[in-house]
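Hi,

Here is the structure I promised to send over. Have a look at it first, and then read on for my notes.

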Amino acid sequence: MDTAIDAVTARPSTQVGHFDVLVVGAGISGIGSAYHLAQHCPGKTFVVLESKDTFGGTWVTHKFPGIRSDSDLYTFGYSFKSWTGAPIATAAEILKYMKEVVEENDLARHIRYGHRIDRASWSSSDNRWTVEATRTDTGEPCRFTTNFLWMCQGYYRHAKGYTPKWEGMDEFKGPIVHPQTWPEDLDYTGKRVVVIGSGATAATVLPAMAPKCAHITMLQRSPTYFRIGRNAIEIADELRRLQVDESWIHEIVRRKILYEQDAFTKRCVADPEGVKKDLLGAIRSHVGPDYDVDTHFTPNYRPWRQRIAFVPDGDLFNGIAEGKASVVTDEIERFEAKGVRLKSGNLLEADIILTATGFDLCVFGDIAITIDGKPLVLGDTVTYRGMMFTGVPNLVWVFGYFRASWTLRVDIVADFVCRLLAHMESKGAKRVDARLRPQDKDMPLLPWIDPEDFNPGYMMRGLHLLPRRGDKPEWAHTQDYWAEKDEFPKIDLDDAAFVYA
Ligand SMILES: Cc1cc2nc3c(=O)[nH]c(=O)nc-3n(C[C@H](O)[C@H](O)[C@H](O)COP(=O)(O)OP(=O)(O)OC[C@H]3O[C@@H](n4cnc5c(N)ncnc54)[C@H](O)[C@@H]3O)c2cc1C
């Protein structure tokens with residue numbers, strides 16, 4: 001260990017060491033990446049820096065009632081670790097699974113908790129990154145150097161969710177709570193609760209809170225698609241009855257789910273009206289023939305342009321059918337002392353208001369990145385397959401799937417990185433850059449995602465912060481797991497898109 005003066009804080013920062021690879025974040029992406037490094041790059045030294053005091057990321061941050069996955073854990077879980085429970089899992093179950101991954105693979109020794117990374121600076125003369133972090137317990141600055149940065153910091157700001165500003169918010173007499181920052185002591189027993197929003201979070205808190213509340217209302221500007229299904233997988237239960245090995249069950253169920261999801265996605269494109277009819281028909285069968293499904297559950301976009309929230313066992317709709325929960329489709333005029341005044345003129349009375357209004361996009365975990373002293377403007381870069389960026393050497397970013405489970409991409413990106421690191425070693429290369437090839441010269445450069453294809457609010461709000469993409473799969477995050485799972489292992493590491501030095 002040595003000490004140096006931190007250029008920004010002018011305080012001595014402790015040099016904590018040099019690692020071949022530095023992984024940012026210990027969420028499901030960071031832990032998965034650490035597993036792959038340990039397994040497939042045994043000769044590489046690595047460290048995982050995590051600002052929280054534990055692993056889990058999203059599943060630690062979110063503590064609202066009912067917090068659970070909305071994709072199945074057979075595919076949200078890793079390829080290498082069997083999932084043995086019901087497909088939709090609570091945050092606690094996901095954390096238990098991750099704990100087993102950490103313990104079974106002796107990963108804890110690689111992780112430094114309570115280390116918030118503030119800056120990362122690439123130096124071309126040294127071919128390495130300098131990473132400056134702050135110890136969250138002592139405030140002590142510390143400094144690491146690394147050859148390769150593996151960014152697993154997720155896509156939103158953990159400290160605070162996104163809440164729009166509405167007139168009169170300070171007049172409301174009760175608490176206004178964003179589900180991302182849930183107060184542990186919030187007592188909603190016998191209270192009238194209004195949840196603003198209709199995404200997966202709203203669909204989760206509604207059935208979880210309904211039994212204790214006097215009444216809970218989901219207030220939405222426009223409806224969302226929901227998909228109802230049993231929280232069980234028949235073939236998994238059958239194979240368990242036959243005492244088939246869990247690792248086989250994991251693989252078989254993954255393949256079945258992925259096959260069915262692929263078919264569903266294709267059908268959404270080929271027959272959106274048919275899919276819509278099926279989704280709405282399932283809702284009708286839960287809420288009854290007299291319920292106004294046209295107003296409250298019929299979106300005006302085609303299915304799959306936004307993530308479709310899965311509703312296990314129809315729990316959201318059962319509460320509505322029983323009269324404990326309801327949906328109001330209207331716009332907010334302003335907040336008042338007693339609740340929310342709607343554009344229709346009605347007052348929606350409330351004791352507590354929950355703003356399930358989404359995330360605050362945060363591309364690189366609020367880390368100030370410089371390349372040879374120049375601040376990185378991500379919007380000026382072009383992405384290589386949604387994981388590397390032109391002009392940013394020795395860095396890979398894990399950004400998962402939205403339409404399939406996020407973690408599927410953690411595994412295939414990790415395979416790619418391990419292969420890339422081995423390739424660099426065999427070439428004696430210290431640096432790799434993604435660079436547009438001569439044949440990409442006239443390629444149109446487009447926003448990171450096509451809003452016609454996928455347009456959740458937090459992405460639209462932050463599109464300017466994201467890298468650009470081209471119109472070829474090499475230069476885009478295609479969100480197509482089914483193509484990428486075959487394409488990634490075949491990526492030619494000597495393609496002209498990679499420049500080594
Ligand atoms: C409530 C909720 C439910 C979801 N359900 C699903 C689902 O069912 N299926 C699905 O596919 N996706 C789901 N998602 C999306 C989900 O965020 C991802 O699937 C996944 O958990 C993201 O994992 P991650 O490790 O990439 O990022 P995160 O979980 O965000 O973890 C990133 C970690 O990096 C750390 N970090 C960030 N910046 C820094 C820094 N500067 N220094 C040090 N550490 C840093 C953070 O503290 C955090 O621990 C859900 C998201 C939410 C919010």
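A word on terms before anything else: the domain bounds used here come from an automatic or database domain assignment. Please also keep in mind that this is a predicted model.

With that said, the protein is split into domain 1, made of residues 3-159 plus 361-500, and domain 2, covering 169-355. Taken over C-alpha atoms, the centres of domain 1 and domain 2 lie 30 Å apart. Their contact draws 27 residues from domain 1 and 30 residues from domain 2. On the domain 1 side, the residues touching domain 2 are 13 nonpolar, 8 polar and 6 charged.

Now the overall picture. I count 13 helices and 24 strands in the protein. The radius of gyration is 24 Å, close to the 23 Å that the globule rule gives for 501 residues, so the protein is as compact as a globular protein of that length. The C-alpha trace spans about 70 × 55 × 50 Å along the principal axes. Of the 501 residues, 39% are buried. As for contacts between residues at least 6 apart in sequence, 70% of them join residues at least 24 apart.

Which way does H1 cross H11, left-handed or right-handed? The crossing of H1 past H11 is right-handed. Helix H1 covers residues 28-40 and helix H11 covers 406-427; their axes come within 9 Å and cross at roughly 35 degrees. From H1, the contact uses Ile28, Ser29, Gly32, Ser33, His36, Leu37 and His40, and H11 answers with Thr407, Val410, Asp411, Ala414, Asp415 and Cys418. Sorted by class, that makes 5 nonpolar, 6 polar and 2 charged residues.

Asp372 is not a glycine, yet its phi is positive, near 50 degrees. Asp372 sits in the loop between strand S18 (368-371) and strand S19 (374-375), and it counts as exposed because it has 10 C-beta neighbours inside 10 Å, where the cut-off for exposed is 12 or fewer. Gln479 also is not a glycine and has a positive phi, of about 60 degrees. Its place is the loop between helix H12 (457-462) and helix H13 (481-487).

Met443 lies in the loop between strand S23 (432-434) and H12, and with 16 C-beta neighbours inside 10 Å it counts as partly exposed. Leaving aside residues up to four places away in sequence, Met443 touches Gly470, Asp471, Lys472 and Trp475. Gly470 is 27 residues from Met443 along the chain, and their C-alpha atoms are separated by 6.1 Å.

Arg143, in turn, belongs to strand S7 (residues 141-151). Arg143 has 19 other C-beta atoms within 10 Å, so it is partly exposed; the buried class needs 20 or more.

Cheers

Terms used. Residues numbered from 1 in each chain as written. Predicted model: local features only at pLDDT ≥ 70, side-chain atom pairs only at ≥ 80, totals over all residues. Helix = DSSP H or I, 4+ residues; strand = E, 2+ residues; numbered from the N terminus. Rg over C-alpha atoms; globule rule 2.2 N^0.38 Å. Contact = placed C-beta atoms within 7 Å. Axes fitted to C-alpha atoms, helices over the stretch in contact; angles between N-to-C directions. Left-handed = near helix turned anticlockwise from the far one by under 90°. Nonpolar A, V, L, I, M, F, W, Y, C, P; charged D, E, K, R; others polar.
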